[in-house]
Amino acid sequence: MMKKTRFSNHFQSAALAIAMLTCTALSACSSGSASSGSTATTASTTAAQTTQATETTAAATAEIPPASETTTAGTTVSTDSPITLTVFAAASMTETLTEISELYHAEHPNTEIIFNFDSSGTLKTQIEEGAVCDIFISAAEKQMNQLDVTASEDINPNHLDFVDTDTRFNLVENKVVLAIPDGNPADITSWSDIGTDKCRMIALGNEDVPVGSYSIEILESLGILDSLTSSNKITYGSNVKEVTTQVKEAAVDCGIIYATDAYSAGLSTVDTATADMCRQVIYPAAVLKGSAYKEEAAAFLEFLKTPQAVEIFESVGFSMAE
């Protein structure tokens with residue numbers, strides 16, 4: 001009996017130990033499962049928050065407009081970034097446009113203006129050959145017309161189409177004058193003196209540039225072009241600035257230039273061409289169709305009509321075109 005009782009006690013102790021171990025294991029599993037569930041819940045919450053933050057950022061970014069937009073035609077219609085406008089302008093506008101552009105830049109600091117000043121004929125050729133240009137301002141209508149598809153076929157036989165005709169207008173008018181060097185050593189006092197022995201040499205612009213074309217008209221109206229040519233009394237400049245320099249340096253007895261160039265160079269003038277001597281000197285301006293910044297270019301042209309710009313033009317002898 002003693003043995004049986006002792007065995008039963010051992011058996012009960014062993015069973016109790018096994019039960020305790022089982023409970024401990026079950027408790028550990030339960031605790032592990034709870035921990036895993038908590039971790040999964042936390043990860044799920046974090047992922048949801050991250051997704052929501054990403055979507056919010058994307059939505060906010062989508063609401064911010066781009067600094068500039070380009071149309072399918074390649075024209076920038078709005079921009080907050082700095083841009084550069086390239087302006088091809090007649091050499092006679094060098095001083096005035098440079099001064100006006102400084103005023104414009106002060107009001108529009110994101111717009112830089114670069115000028116290419118030369119004879120209108122040279123500028124026209126450069127545009128035709130593909131030079132980058134936003135605005136063209138010519139010293140005569142001829143060169144502008146040669147780039148305007150709406151001009152007659154005898155003026156634009158190749159049907160060149162560079163000018164945005166909706167932006168074209170006549171900007172200013174100039175006068176053609178007879179200028180003399182300081183001290184007037186040849187004592188030139190009027191147009192009529194050009195055909196006398198007083199004038200040994202006169203400076204003109206080449207015939208393919210506006211000032212040269214006007215000069216030829218004047219000399220033809222005076223009936224002295226042929227005699228001056230045969231006597232080798234004419235020297236030429238590729239643009240009005242070159243003619244002005246020859247007069248300024250007294251390399252000639254006189255020269256035919258614009259009133260504005262005479263003023264800027266500090267030269268005296270002795271006569272002015274009348275309407276029956278040469279055509280009206282009109283400066284047309286326009287945005288070109290190939291411009292990447294048509295709106296900004298048009299805005300600059302509009303600025304040229306403002307009182308502050310007009311004051312600068314008129315201060316050197318230009319008058320606003322009607």
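Hi everyone, this is a short walk through helix 7 and helix 10 of the structure above.

Some housekeeping: this is a predicted model, where local features need pLDDT of at least 70, side-chain atom pairs count only at pLDDT 80 or more, and totals for chains, interfaces and linings use all residues. Residues are numbered from 1 along each chain as its sequence is written, and side-chain values use heavy atoms, with hydrogens and water left out. Helices (H or I, at least four residues) and strands (E, at least two) are DSSP runs, numbered from the N terminus.

Let's begin with helix 7, residues 240-248. Its buried residues (under 20% relative accessible area, 1.4 Å probe, protein chains only) are Val240, Val243, Thr244, Gln246 and Val247. Looking down the axis, they fall within an arc of 160°, taken from the directions from the axis to the C-beta atoms, so they line one face of helix 7. Among the elements covering them, with contact meaning heavy atoms within 4.5 Å, are strand 7 (176-180), helix 5 (210-222) and helix 8 (259-265). At the start of helix 7, a side-chain oxygen of Asn239 comes to within 3.0 Å of the backbone nitrogen of Lys241. Just after the helix, Ala250 has a positive phi of about 60°.

Now, helix 10, residues 307-315. Here Ala309, Val310, Ile312 and Phe313 are buried. These residues cover an arc of only 160° around the axis, which puts them on the same side of helix 10. They pack against helix 2 (94-107), strand 6 (169-174), helix 9 (294-303) and strand 13 (319-320). And the face turned away? That one carries Pro307 and Glu311, both exposed (over 50%). Just after helix 10, Gly317 takes a positive phi of about 115°.

Definitions and conventions. Polar contact = N/O pair within 3.5 Å; in protein donor to acceptor, adjacent residues only side chain to side chain.
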